[in-house]
Amino acid sequence: MPAKFEIYKDKKNEFRFRLKAANGEVIAVGESYPDKKSILKGIASIVKNAPIAKIEDTTVEGDAKKPAAKKPRTSGPAGKKPAAKKPAAAKKPAAKKPRTSGSAAKKVAENKPAE
C-alpha cells in the first residue's frame, strides 16, 4: 500500500490531514482548515513543494541562518516612528495617617476628641 494523505475532522469540526507511510505509520500531520477545498489545496501544495524542499536545521549553530529578530510593533501608522517616551515624574511619598485603634478610632470617625 502506498503512502496516503488521510483527511478527517477534529473535535472542533475543522478539517485536518495526516500523512501515513506505506506501513500505516503517521509521519506528518497538518494544521486545521476551515473547509475541504482549503485542505485539498494545502495537500496539493505539499505534494508539489515537498520533493524540492531543502532541509533547514535551525537547532544547530552555523548550519542555518538564525531567524531575524522581530521588530517591536508600533501603534502608529506604518513607517512612522513611535513617539519618544517621557521620563516618569518622581512621585512624592504619601503622607502617613496616624494609626488609631479601638475606641479612639471610633471617636475619630465620629469627630469626637480622644480621651
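This section describes the hairpin formed by strand 1 and strand 2 and the side-chain contacts across it.

The structure is a predicted model. The protein chain has a mean pLDDT of 76, with 53% of its residues at 70 or more.

Strand 1 covers residues 4–9 and pairs with strand 2 in the antiparallel sense, over six bridges. Lys9 has Phe15 of strand 2 as its bridge partner. Five residues lie between the strands of this hairpin, and Asn13 adopts a positive phi near 65° there.

One aromatic pair is present in the structure. The pair consists of Phe5 and Phe17 in an edge-to-face arrangement, with 5.6 Å from centre to centre and 70° between the planes. Because Phe5 belongs to strand 1 and Phe17 to strand 2, the pair ties together parts that are 12 residues apart in sequence. Phe17 is buried, with a relative accessibility of 4%, while Phe5 is partly exposed, with a relative accessible area of 27%.

A contact between a charge and a ring involves Arg18 and Tyr8: the charged end of Arg18 sits over the Tyr8 ring, 3.9 Å from the ring centre.

Lys20 lies in strand 2, which spans residues 15–20. Its side chain makes a polar contact with the side chain of Glu6 at 3.4 Å. Leaving aside residues up to four places away in sequence, Lys20 touches Ala3, Lys4, Glu6, Glu25 and Val26.

Definitions and conventions: Residues numbered from 1 in each chain as written. Predicted model: local features only at pLDDT ≥ 70, side-chain atom pairs only at ≥ 80, totals over all residues. Heavy atoms only, no water. Helix = DSSP H or I, 4+ residues; strand = E, 2+ residues; numbered from the N terminus. Polar contact = N/O pair within 3.5 Å; in protein donor to acceptor, adjacent residues only side chain to side chain. Contact = heavy atoms within 4.5 Å. Pairing = 2+ DSSP bridges. pLDDT = per-residue confidence, 0-100. Phe/Tyr/Trp six-rings, centres within 6.5 Å; stacked < 30°, edge-to-face > 60°. Buried < 20%, exposed > 50% of the residue type's maximum accessible area, 1.4 Å probe, protein only. Lys NZ or Arg CZ within 6 Å of the ring centre and 35° of its normal.
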